[in-house]
Amino acid sequence: MAAHSIRFLTPTLPSHSLSPISVAAPPTLRYPLLRLPRLSASAHPHSSDLVPAPSVLSSDNGISGGSVAAAASSIDVDAVTEAELKENGFRSTRRTKLVCTIGPATCGAEQLEALAVGGMNVARINMCHGTHDWHRQVIRQVRRLNEEKGFAVAVMMDTEGSEIHMGDLGGFTSAKTEDGEVWTFSVRGFKAPLPERTVNVNYEGFAEDVKVGDELLVDGGMVRFEVIEKIGPDVRCKCTDPGLLLPRANLTFWREGSLVRERNAMLPTISSKDWLDIDFGIAEGVDFIAVSFVKSAEVINHLKSYIAARCRDREISVIAKIESVDSLKNLEEIVCASDGAMVARGDLGAQIPLEQVPSVQHRVVKICRQLNRPVIVASQLLESMIEYPTPTRAEVADVSEAVRQRADALMLSGESAMGQFPEKALSVLRSVSLRIERWWREEKRYEATELNDVASSFSDKISEEICNSAAKMANNLEVDALFVYTKTGHMASLLSRCRPDCPIFAFTTSTSVRRRLNLQWGLIPFRLSFSDDMESNLNRTFSLLKQRGMIRSGDLVIALSDMLQSIQVMNVP
Ligand SMILES: Nc1ncnc2c1ncn2[C@@H]1O[C@H](COP(=O)(O)OP(=O)(O)OP(=O)(O)O)[C@@H](O)[C@H]1O
Ligand SMILES: CC(=O)C(=O)O
Ligand SMILES: [K+]
Ligand SMILES: [Mg+2]
């Protein structure tokens, strides 16, 4: 523990020193900092006597709540974080969250468990691929693992969106194209098997819209063709940049150096198929819905009210995917309307020149931090690991940069969905995150970012000021952890936004809030029932966490609560 000169005064926790400071009152109010006596375990062997409630391990991780009796006297935390905390202490916990796309390589129970053990915080399913049955199985497997093994993996559903894409290659998992080969892109409905060097296109107007001479980019430019001839529904194209075609890959076309966007501008962001997928996601209780090719804030608002009308007892966070020119035009508005954003660099790189992608990533990450929305950096982080067991140096540098920017989360796509080394790829994200976070913390290289005000009411403003101050105090006092008691998760996210040096234990009564907090930087979400009485909340928490070996007597903690808008500094008794 850090060298604080906190004198041992009394063996029991004086109740008056725990009384929270309520802030219903005037702006002149100050927040006296409470320094409580440090209580060593040897000096006070019966410190747990302070807490009557016994710990019962409950498995309240599913969609519905666990039994009320068990919930009242227990605390739930992700089993992986718990092990990490016990083994290495507070400082070593990973702050950057990890999202894994689940696909054929990882949809089995064993593989999902391996990812959860490896630190997956969120499992993503992409509605571009697979059937509802397939996705349902994955979601239920994740829930079952959470319940049975004590994980807290959240589920994110990613919509297909109505962009133009290829069909599914007549059952082949991929098709190789060579330089100069001529392929036919057709809107005809073929019966399998497809004719040689032919791919389907999902959009009927395709043959009319393209022109001879257009450049056709598959999967954001992984493979390129030039349109050489149009014959009715068939468009013949010559391969100019060879590579691998993957089923249902996205198609964009460029004319005289500019993206052809007229067509996409007319398509709805959320197609009728997407609405069916969204209904499916709501019914299966997903935690996040990521919306592809968002163009404006309206579509996000629309989806949010749609969800609100259908989910009364829990929330689903809506993540705006930033992957089109239109989304960049309305970036701030879109981020503001959403519960989070994703820098979807795959499609983004097909819509803007590649060399602009890094600065856009930087901008999106910064805006999200300012507006207090979690941000995910996605696509090709470890692309070579789809085929090889070690990443390239350049990939490690790319991951490091996203961690250094302090994005909330990093995402694996093909690496975990259909790559040969999903667990290895995840472990690279984990170790690079840990290393870079530690390096920057130790060298105090994080420049203090000026955070704008985000509060929309005076009460919010108080919460925000409390969090900003608490994070600063936490750094200056070198505390071991910030504790935040939050019903909605809002105050936890305000703390996360400050990116403090120590981890943030976020206690919330709801399993749904807890799972969604999993996406946010530095938060360790716990499910715990608590009251408005902070003294008893703290005593119970200390006791439960001590029993589980997750904190020790003498650890220095700053505790906040969003019910009372209070802030306290104390040593764990
Ligand atoms: N459910 C699935 N079934 C089969 N293959 C999948 C599935 N999910 C992903 N894949 C494979 O993994 C690859 C990468 O998946 P991912 O979802 O990241 O695609 P993406 O193109 O990056 O995302 P998006 O379609 O949202 O732009 C896909 O191209 C596909 O080949
Ligand atoms: C993730 C995604 O949709 C993209 O990178 O395009
Ligand atoms: K998608
Ligand atoms: Mg995309």
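I take domain bounds from an automatic or database domain assignment. The model I am reading is predicted.

**Domains.** I looked up the division of the chain first. I find domain 1 (15-91 + 448-571), domain 2 (97-162 + 269-436) and domain 3 (169-266). I then checked domain 2 against domain 3. Their C-alpha centres lie 26 Å apart. For contacts I note eight residues of domain 2 and eight residues of domain 3. On the domain 2 side, H11 gives the most, with five residues. By class, I see three nonpolar, four polar and one charged on that side.

**Ligand 1.** Next I listed the shell around the ligand. It holds 19 residues, and Gly103, Asn126, His129, Ser413 and Ala417 come nearest. Helix H11 (345-351) and helix H14 (414-417) are the elements that give two or more residues to this shell. I sorted the shell by class: six residues are nonpolar, eleven polar and two charged.

**Sheet.** Last, I traced an open sheet of six strands. I read the order as E1-E21-E20-E19-E22-E23, and the pairing is mixed. Strand E1 (75-77) and strand E23 (566-571) each have a single partner strand, so each edge strand has one side without a neighbour in the sheet. On average, neighbouring strands here are turned by 25 degrees against each other, direction ignored. I followed one pair further. Strand E19 (residues 481-485) runs parallel to strand E22 (residues 556-561), with five bridges between them.

Methods: Residues numbered from 1 in each chain as written. Chains lettered and ligands numbered in written order. Predicted model: local features only at pLDDT ≥ 70, side-chain atom pairs only at ≥ 80, totals over all residues. Pairing = 2+ DSSP bridges. Helix = DSSP H or I, 4+ residues; strand = E, 2+ residues; numbered from the N terminus. Axes fitted to C-alpha atoms, helices over the stretch in contact; angles between N-to-C directions. Near = placed C-beta within 6 Å. Nonpolar A, V, L, I, M, F, W, Y, C, P; charged D, E, K, R; others polar. Contact = placed C-beta atoms within 7 Å.
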